[in-house]
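Q: I have a structure open and would like to learn how to read it feature by feature. Could you take me through it?

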Amino acid sequence: MNPAPRPGGGAGARHRLLGALLAAVACCLVGASFTANSVLGDYPHAGGQALRYGLACALLLPLAGWRGRAGRGGRGPDGHVVDRVRKLTGRQWARLAGLAAVGMVGFNLAVLAAEGSAEPAVPGVFVGCAPVVVAVIVPAFDGRRPTPAVVAGALSVAAGAFVVQGWGRTDTAGLLWSAAALGGEVGFAVLAVPVLRPLGPRLLSAVACGLAAVESALLGLVLDGRGWLRAPDGGEAAALLWQAAVVTVVGFVFWYIGVQRIGAERATLFSGLIPVSAAATAPLVGTGGYGTAQAAGSLLVALGVALGSGVLGGGSVRLPGRGSRGCPAPRRP
């Protein structure tokens, strides 16, 4: 297939700027959600994920085109939504299931397991390396070389994440689970790319959340038996609602719009804002502080994002065409 035409002039710049801003907001929401995680320490983890993703799916379906009435069919989804889902191939469904299992359920479980034998900073540092991995593997899948400016920016982002979080106590299990968390973060960005164009950010997020809710429920039954789910108390309910309605619904849609507009390589640079946002919001609930190290790390992250996005040094990323296996070129005005 021929590549989609490129936007020109100011329209193209605004198109990319909006994508960058949405990716940044999404990552800041994820970082702020770590505060909510502290409230859910005693809640069954798999059951909590099932509730979170199930509620998020219910909230996302209307945004994706699901309506109360659909003409002759009565109640149900709009026809074009059904058509888009029906046209998915078996390989695309496998990718969606993998996205939910690796990038959502698996990522959360890996972080939880890593924190069982390592301080939270350790998986945080590993996850902060995601921009470097994505900056290398996405061009490889697309049959091209990594962009030097993006790789340099990703290294700066990873260094900034390390400075913000520091390094903590760990053991071999903590390192392995932290590496698994890194794989989940990379998978969340990369596995969705081939299904982003046919589904769009909203429907992709809804389908992925539905699959993640089912996978979490099955995992909870296996790991926790009858105790996999219970009624949350007031604080737990508020935390789950925040994670579902804000972090998942708003964050996922913003993230995939950003990926669609600026590509997975540049969008993943903004994941360096996750530890920055977590460090900045921690003092609000008395779980940490924001000092000189956090400020210096934040500057490194900002420098990496600016460099990799082309603000510094004029570096730019070639967005793949529609037929590539990398991030699809965004829909142009």
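Q: Let's start with Ala 152: in which helix is its place?
A: Helices here are DSSP runs of H or I with at least four residues, strands are runs of E with at least two, and both are numbered from the N terminus. Ala 152 belongs to helix H7, residues 148-165. One thing to keep in mind from the outset: this is a predicted model, in which local features need pLDDT of at least 70, side-chain atom pairs count only at pLDDT 80 or more, and totals for chains, interfaces and linings use all residues. Residues are numbered from 1 along each chain as its sequence is written, and side-chain values use heavy atoms, with hydrogens and water left out.

Q: Is Ala 152 buried, exposed or partly exposed?
A: Buried means under 20% relative accessible area, exposed means over 50%, and partly exposed is in between (1.4 Å probe, protein chains only). Ala 152 has a relative accessible area of 32%, so it is partly exposed.

Q: Where does Pro 146 lie?
A: Pro 146 sits in the loop between helix H6 (130-141) and H7. Its relative accessibility is 36%, so Pro 146 counts as partly exposed. Contact means heavy atoms within 4.5 Å. Setting aside neighbours within four places in sequence, Pro 146 is in contact with Ala 135, Val 136, Pro 139 and Val 151.

Q: What does the chain come to as a whole?
A: Its secondary structure comes to 13 helices and 2 strands. The chain has 333 residues, of which 50% count as buried. Among contacts between residues at least 6 apart in sequence, 84% join residues at least 24 apart.

Q: How do I read a nonpolar core, and which residues of the largest one touch the most other members?
A: A nonpolar core is a set of buried Ala, Val, Leu, Ile, Met, Phe, Trp, Tyr and Cys residues joined through side-chain atoms within 4.5 Å. The largest one here has 62 residues, and Met 104, Leu 204, Cys 209, Trp 255, Tyr 256 and Phe 270 touch the most other members. Helix H9 (residues 193-224) gives the most to this core, with 12 residues. For a closer look at Trp 255, its contacts beyond four places in sequence are Ala 23, Ala 26, Cys 27, Phe 188, Ala 189, Ala 267 and Thr 268.

Q: How should I describe aromatic rings, and how many aromatic pairs does a search of the whole structure find?
A: A pair of aromatic rings is described by the distance of the centres and the angle of the planes. Rings of Phe, Tyr and Trp (its six-membered ring) pair if their centres lie within 6.5 Å; planes under 30 degrees apart count as stacked, over 60 as edge-to-face and the rest as tilted. The search finds 2 aromatic pairs. For Phe 188 and Tyr 256, the ring centres are 5.4 Å apart and the planes are at 40°, so this pair is tilted. Phe 188 is in helix H8 (residues 172-190) and Tyr 256 in helix H10 (residues 234-262), so the pair ties together parts 68 residues apart in sequence. Phe 188 counts as buried at 10% relative accessibility, and Tyr 256 is buried too, with a relative accessible area of 1%. Ring pairs link Phe 188, Phe 252 and Tyr 256 into a cluster.

Q: At what angle do the axes of helix H2 and H4 cross?
A: Axes are lines fitted to C-alpha atoms, for helices over the stretch in contact, and angles run from 0 to 180 degrees between N-to-C directions. The axes of H2 (residues 45-64) and H4 cross at roughly 145° and come within 11 Å. His 45, Gln 49, Arg 52 and Tyr 53 of H2 make the contact with Met 104, Asn 108, Leu 109 and Leu 112 of H4.

Q: Which residues does Phe 107 touch?
A: Phe 107 also has its place in helix H4. Not counting residues up to four places away in sequence, Phe 107 touches Val 102, Val 127, Ala 181, Gly 184 and Glu 185. At 16% relative accessibility, Phe 107 counts as buried.
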